[in-house]
Amino acid sequence: MLVSAKEMLDKAREGKYAVGQFNINNLEWTKAILLTAQECNSPVILGVSEGAGKYMTGFKTVAEMVKAMDESLGITVPVALHLDHGSYEGCYKCIKAGFTSIMFDGSHFPIEENIAKTTELVNVAHGLGLSIEAEVGAIGGEEDGVVGKGECADPNECKMIADLGVDFLAAGIGNIHGKYPENWEGLSFETLAAVNEKVGDMPLVLHGGTGIPDDQIKKAISLGVAKINVNTECQLVFQEATRAYIEAGKDLQGKGFDPRKLLAPGFEAIKAKVKEKMELFGSVNKA
């Protein structure tokens, strides 16, 4: 049974660990993440971007697949199905489809419009028992067409959004989506500490978890981060494992093409990466 992300993230914040959000793109990715979460006895959040939702033929298809897979695999750890960087319209589509958590990314709107739309969606989500994430300060880089400059959030604006009743908050602290450039200056812990002080016990979210040094990840967790998003690293290991399999000629079975064999190395690579991240985040045996 899928759940809201609120309880798992409140527990993570209190316990000084973080729950991983791993974005899904197909059946293999979803199965790999669910099985690893079960093996690690870790709560987990399955993130779905609007681009990935479209690729998988719609949010309803995604929700039904995840619910059926969760039941068929006998998953007992807490699992939330979460819209990642959702538009206003996308949030309503996911609510209707059966997601258990949504993110409304209003960071590109003027603060007044961000507040108005977030307030509305908080009321709708909470009325249905769903959790909701908001964002202040755009996350740098590009992910499925969502582009951000990587600005640092205004702690006062973070408090304004937090006070609307959102369940967890993504605050830009110099983090970016995708690979980090060599001249990246690192996370702004000064900003994170100021945001943490303003929002109290609210769980904070770190987007762009790929490539951030382990010591910075752990310091961010100590300053209130309870959810860390990982996408690019899973994409990279899946790509590398699949390419190696093809280059070795192992996809040529002589009896036709078998996609299950082709995707198997990537499936195992994602499992290993997810386990590595759950151990780093401290969520193992926290279900």
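Select helix α2 (residues 27-40) together with helix α11 (residues 259-281), and look at how they pass one another: the crossing of α2 and α11 is right-handed, a word used where the near helix is turned clockwise from the far one by less than a right angle, anticlockwise being left-handed. The two helices lie with their axes 9 Å apart and pack at an angle of about 40°, the axes being lines fitted to C-alpha atoms over the stretch in contact, with angles running from 0 to 180 degrees between N-to-C directions. The pair α2 and α11 is therefore oblique, the term for whatever is left once angles under 35 degrees are called roughly parallel, over 145 roughly antiparallel and 65 to 115 roughly perpendicular.

Before going further, keep in mind that this is a predicted model, in which local features need pLDDT of at least 70 and side-chain atom pairs count only at pLDDT 80 or more, while totals for chains, interfaces and linings use all residues. Residues are numbered from 1 along each chain as its sequence is written, and side-chain values use heavy atoms, with hydrogens and water left out.

Now show the side chains between these helices, where residues of α2 including W29, I33 and L35 take part in a contact with residues of α11 including F267, I270 and V274, contact meaning heavy atoms within 4.5 Å. By class, the residues of this contact are eleven nonpolar, one polar and five charged.

Finally, turn to the aromatic rings, of which the structure holds four pairs, a pair being rings of Phe, Tyr or Trp (its six-membered ring) with centres within 6.5 Å, stacked if the planes are under 30 degrees apart, edge-to-face if over 60 and tilted otherwise. Select Y88 and Y92, an edge-to-face pair with 5.4 Å centre to centre and 75° between the planes. Y88 and Y92 are four residues apart in helix α5 (residues 88-97), and are therefore separated by about one helical turn. Y88 is partly exposed, at 23% relative accessible area (buried is under 20%, exposed over 50%, and partly exposed in between, with a 1.4 Å probe and protein chains only).

Key: Ala, Val, Leu, Ile, Met, Phe, Trp, Tyr, Cys and Pro count as nonpolar, Asp, Glu, Lys and Arg as charged, and the others, Gly among them, as polar.
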